Amino acid sequence: MKDTMRISKLLATAVAVLTVTACQASPSSSPSQDGSTTLRLAETNEYETLNPLEYTFSITSKFYDSLVAVGTDGLEPQLATEMPTSNADLTEWTVTLRDDVTFSDGSVFDADDVVAAYEAVLDPATESPLRGDYELLTGITATDPHTVVFTLSAPYAAFPSRLTLGIPASEKVGGSILDSSLAREPVGTGPYTLTEWKQGESITLTARDDYWQGAPLIDTIYIGFVSDENARAQRLLSGDFDGAQLSPLVAEELDGQQGLEMFTNPAGDYRGITLPQSLPFFTDTNVRVALNLGTDRQAMVDGILAGHGTAISTPITPSFGDAYNADASFGYDPEQAASLLDEAGWTIGDDGIRAKDDLRFSFDLMYFSEDTVRRDLAQAFASDMAKLGIEVHLLAVDRPQAKEKIANTAFVLGGGDVPYDPDTQAYGDLHSSFAAYDPDDPYSNPSQYSNATVDELLDQARGEADTETRDADYRELQTELVADPPMVTVFVLEHTYVARNLDQYSPIEHVVEPHEHGVAWGPWWNVASWR
Amino acid sequence: MSATSIVVGGRSGRTGRRGRASAIGWLVVRRLGWLIPLLAALSLLVFALAELSPVDATAAFLGSRDEFVSAGGRANVEQAVTQLPWWQAWLQWIGGILTGDPGYSMSARMPVADVVSARLPWTVLLMITGLALGFAISIPLAMMAARRPHGLVSQVLDRVMWVIAAVPPFLVGLTLVAVFALGLRLLPSGGTSTPGMPATATELVRHMVLPAGAVAVGQLPWITLHLRKALIETSGDPGVRAARLRGVPEWRVLGRHILPGAMIPVLAITGARLTEVIAGSVLVEQIFSWPGLGQSLVNAALAQDFPLLGVVSMLLAAIALVGGIMSDVALALLDPRTDPREL
């Protein structure tokens, strides 16, 4: 069964390659664009829900605005008139709301809508997966129709990055997300409304004439669901679609064909190898340093991502600006790695594998079987480790298996779900309060890493109001993470997209993307403000 | 079931025409009577299997977000997706079916009835068109091959059909797109209408050619090979020989005497093969963004969405079973030698 799957995949790739070559031979042009203002995009999967209380940062941003939104320079105010302000100890955040905004059903946006949305997420009866993100939030109060005050149980400098929740009209909020009408009939203040949902095929979005930022130039967005990547590539080439998200290698291949152009956006979306300290090998800091030195990150970026990524050594990525510490990084130095392992007592045995006290340096590494980037990364890592005399067995798993085994098995971790503040990017992955395995929270600190200095810096930065001091805390954090690494952080991805005929629109903005992405991101992120 | 029942001896259908019709009516009633308990038992099995599968409903519900949902949110979702034990879920579900309410789909976030009414017509349309197209291509091929059973045409056809039989349906789909949509630019490559264009009948027909073609290609081998065999066997019949001796032109012999007889066993097999047509359509739907039930079935299974899984699998099973009945009825109508009471 597995073999047939592999052969099928191979054949499919062969067809795709043939197709691309065939098209090179016949450079006929794509169907002419009559300057119409319809944008046709191919999405990877059908949406299950459009309810903004279930997830942030996605297609919901076309229907809903949030208090704070992602912009080219990080977060910027959207339904707020300016960035939220806090009291001195960062436990009370005040947001002033715009007074010129209406929902798509005609009702006027005000503070009650904001309160209703955040209270709904906190209410267990809503059953929202986002509730865990608002654990510090204890109160939401409308002090007047255009002012909302958020009260927290502890100081939290990163709170604005949690104000990206899409705000639905308050009369549509209530009940469980499972049967909320918002899943299928969004009512928000955003630039588009949903005009058609062809089950299993597509959705059609129509621009609002009365959008508070001005009616969008693109008046129709058609989003087709094409889950197979080869089919997506073919339909782009055939002119059915104007753009799609594709993996780096396929995007590279299509670049320049049939008027298609590749676009890349930076992301906070990183990958790393967890080194669970429940395994005897990884309790020793020197061993973890050795594994980091023995990993050829740049080769992985070039090979697996076709160059569309950046080698990193900690979860704080270059897109964090002044909080990023370029000096805190591991070079590729297998010789030093080998001598560190020798010093630590892991010496090469007769079989070429290191061992200490009769224990062979051999461990399993899990990756999600459907994720090719993670698979390739696991293979490359295993091969680097083999050069050091360490045996890595690859283990393709599904999500339930990963959750169950993660406490005692190394894992190719994905990160960067909210990459607009170093706190949301790193706290859960590194703080010792998440070190104990919790089946309800298996992916937080999966290495069971515990370092008092790291804890102190993370907590200090979380309660620090001054941006410069905060950035300095995070730079110091990275130095400590290189001295005592929790895992092997390998690279941060750039997300790759392919599109045609975008020259006529401006501005095409490049924003930092989170882990979750799709056609709501890419060069179309700000489609509503194209002119 | 039908494959064995076609082997009937010389038992004559000497019963009168009216008697025969009522016997066929009885056959249908009998079979339909079986259909309901069979479907009920099958649905119980589907629920039990779904329960046994290692699928984690919470992880499935969250999909790629699973890795990023922290404790509070996960507890919420677990509470949302928690279900009754499978047999209680089944009792509740079957009770709902009997009272006309097939329940609410967790994975599609809408009533099961809405999912089915939006998607079932597309699957049925694709299947029927694909099968009809398969027959339209297979019949002339098989007739050509049957004229010289050991000739070159027959041998080449044999090889080609075995190769086609070995190719997975989704690859057939991708190849058709590569050739007809990309290479020749003759046909659209997916969906039911051109993105951004109004959905018209012409649009639909154009969009159906490739997916129906992909389904048809998947059915070509067994139709062609079975039909060729049946054609060869039938051409030895005394009636056919007599017709030839009478000097009836060969094309007329083929069309009037050989083909109808040869179609009988092939039609009988078609009913039994419907499950395969459905399975092929599910994959083809994926490639061509065809809005049928296939994707729903996969999603429902992965999400342990019992109500949707139950209804969709029952429907697909019912199509296959009704197909079996229809092929037996066709057999009884076409072949006077069969006795409907024995089917």
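Predicted model: local features only at pLDDT ≥ 70, side-chain atom pairs only at ≥ 80, totals over all residues.

Visitor: Is B:Val266 buried or exposed?
Guide: B:Val266 sits in helix H11 of chain B, residues 250-287. Buried means under 20% relative accessible area. At 1% relative accessibility, B:Val266 therefore counts as buried.

Visitor: Which residues is B:Val266 in contact with, leaving aside its neighbours within four places in sequence?
Guide: The cut-off for a contact is heavy atoms within 4.5 Å. With neighbours within four places in sequence left aside, the contacts of B:Val266 are B:Phe135, B:Trp222, B:Ile223, B:His226 and B:Leu227.

Visitor: How far apart in space are B:Val266 and B:Leu308?
Guide: In sequence, 42 residues separate B:Val266 and B:Leu308. In space, C-alpha to C-alpha, they are apart by 34 Å.

Visitor: Which element gives the largest share of the largest nonpolar core?
Guide: The largest nonpolar core has 84 residues, and A:Leu236, A:Leu254, B:Leu227 and B:Leu231 touch the most other members. A share of 13 residues, the largest, comes from H11(B).

Visitor: Which residues does B:Leu231 touch, not counting those up to four places away in sequence?
Guide: B:Leu231 is one of the core members that touch the most others. Beyond four places in sequence, B:Leu231 touches B:Ala142, B:Met143, B:Ala146, B:Ile258, B:Leu259 and B:Ala262.

Visitor: Where does H6(B) bend, and by how much?
Guide: Helix H6 of chain B covers residues 112-147 and reaches 51 Å from its first C-alpha to its last, close to the 52 Å expected. A proline, B:Pro121, follows the bend within four residues. The bend is at B:Arg119, by about 35 degrees.

Visitor: What helix content does the span at residues 120-327 of chain B have?
Guide: UniProt, in an unreviewed entry, places the feature "domain: ABC transmembrane type-1" at these residues. The end C-alpha atoms of the span lie 21 Å apart.

Visitor: Which residue in E3(A) is the bridge partner of A:Val68?
Guide: Strands E2 (residues 68-71) and E3 (residues 74-77) of chain A run antiparallel, joined by 4 bridges. They form a hairpin with 2 residues between them. The partner of A:Val68 in E3(A) is A:Pro77.

Visitor: Is A:Asn526 buried or exposed?
Guide: A:Asn526 lies in the segment after strand E20 of chain A. Not counting residues up to four places away in sequence, A:Asn526 touches A:Pro507 and A:Glu509. Its relative accessible area is 6%, so A:Asn526 is buried.

Notes:
Residues numbered from 1 in each chain as written. Chains lettered and ligands numbered in written order. Heavy atoms only, no water. Buried < 20%, exposed > 50% of the residue type's maximum accessible area, 1.4 Å probe, protein only. UniProt positions renumbered as here; feature names shortened; annotations may be inferred. Pairing = 2+ DSSP bridges. Core = buried A, V, L, I, M, F, W, Y, C linked by side-chain atoms within 4.5 Å. Expected span 1.5 Å × (residues − 1). Bend = angle between axes of the 7 residues up to and from the residue.
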